[in-house]
Amino acid sequence: IIGKSNSAKGSKMDDLPPLPNHDIPFHDIPIPDYVKPDAWRQWDAKESCPSGYTCTSLGGRSLGAFSCDELARIAVEEYGFGDILAGTWCPEGEKDVLNCKVGQYCPDSKTSNTCPAGTFCPYKTSQPTFEGGGQPCARCPAGSEDKSLATHQVAIQATLFFALCLVLFFAFMKRKINFDNEKFKKRLHLEEILKFDKNVEEQTVKKQQERFNRLRPKMEIIADRLDKIINPEQGPESPTSLKSKGSALGHRNSILYESKSGDIVFDANKFFDVLDINNDGVLSFAEINEILCLSDEQLKAFIATMNERTGATSGQQGEVSRVTFVRGFLDALAGATQLEPSVSETEDLFSRIAEEVGTTESGGIQYRQLYSSSLSLFLSDLQILAIINKFKQRYEGKKGISKDEFVECYPIFLGEVVQQDPASLGSLVQSTGGYQVEPGLDVTFENLCLTVTVGNKEVNVVDDVSGRLRSNTMTAVMGGS
């Protein structure tokens, strides 16, 4: 009202006391013409605000009381807001306009009545509300805030709601069952696919392991030659350029090594870089033969196998690309029958085995000592047995082998044995003397005891046990652990 009165002309409330230290004394504030003269009245701030009025004070000084009915009229007629104050009232003692409580209705600013029986009064209501069609609400006692339903109406609505829930539930279950059936079928189909893939994967892994086992002796030869290239002080001199390249790449274990699971790990790309002496990105036949040490015909056959496995062809200059080498080297090596250790490599191997078993080169090596030698790193016990049987056939009546005999026959016997698959290796062993068992050792023990402390309790793990482990037998000690 004050905001609108700045540009309006009207009477002044000269009879209201002025406020001290105020730029514009209150009695100088103009009152708009549209405000009824009796709308604003004197009010003592020490007394309660009269009923039907809203009271204002500033700094402890009264600014007067203004009619709540006049506020409602101004909102409707002067500002066009509509009857926004309907359902409000100004009780005595309250300075502000209050909304009518639930269960009450306020027809004017001074009155708040209890909602009569047969009607209901929600929050901020100016008149009590009847049921639809203006009919009294039979379930509405005095002071009702909303209409209540009769017992039979509640039962009907509850029944309808329950029926709707059942319909929705059965519809959901039917859809879920169909979905689960489809999901189950898909899962069965997926399990069949996974089972098939697992079988294929297991067969692939098995074939790969068999392939690695056949490759192991040949890779050992490759590894020894690679060591001599990377560490030339350990063996014969290699081309100077190849030495420098090998030293730059580091130890051979970054190119060829055995993992913890026993698989051969072979970095063909690094191997290619070692052999590529002139760094032209391709390998000549001569560069490849630094490792293979094959004759010209054997080398051509090896390269042809590698090209055949990768679908490549050798260039006019007799070169092999990186892709062909990386993809086809191991496959060609697996099918190679010519790769054998050289004389010097066989001599080095014999010296190494003699040192491992604690004998001299001149004294020879006992056959049974070969099982615990370096041969066991790349040959199975069955393969070693096949080689031993071949030595026994060649040198009858001997229990060991000399260095000359080893150097002469080992490369040949190795090539024959490693080309055999596990199924036919047993036949080869039988044809070369069978499984001849070396004399074993009897072990006897008497009154063995072992006591351990668990917490504050002593437990007899082994309690006065005696027995015998017979030679050439396998004995298993079984029990809870």
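Reader: Both Cys-115 and Cys-121 are called what, buried or exposed?

Author: Both are buried, a word for under 20% relative accessible area, with exposed meaning over 50% and partly exposed in between (1.4 Å probe, protein chains only). Good to know: this is a predicted model, where local features need pLDDT of at least 70, side-chain atom pairs count only at pLDDT 80 or more, and totals for chains, interfaces and linings use all residues. Residues are numbered from 1 along each chain as its sequence is written, and side-chain values use heavy atoms, leaving out hydrogens and water.

Reader: What makes Cys-115 and Cys-121 a disulfide?

Author: A disulfide is a pair of cysteine sulfur atoms within 2.5 Å. The sulfur atoms of Cys-115 and Cys-121 are 2.1 Å apart, so the pair qualifies.

Reader: Why is the disulfide of Cys-115 and Cys-121 called right-handed?

Author: The torsion about its S-S bond is about 75 degrees, so the disulfide is right-handed.

Reader: And why is the disulfide of Cys-68 and Cys-90 left-handed?

Author: Here the torsion about the S-S bond is about -110 degrees, so the Cys-68 and Cys-90 disulfide is left-handed. This pair links distant parts of the chain, 22 residues apart.

Reader: Why is Cys-409 called buried?

Author: Cys-409 has a relative accessible area of 1%, which is under 20%, so Cys-409 is buried.

Reader: What makes Cys-165 partly exposed?

Author: Its relative accessible area is 33%, between the 20% and 50% limits, so Cys-165 counts as partly exposed.

Note on methods
Helices (H or I, at least four residues) and strands (E, at least two) are DSSP runs, numbered from the N terminus.
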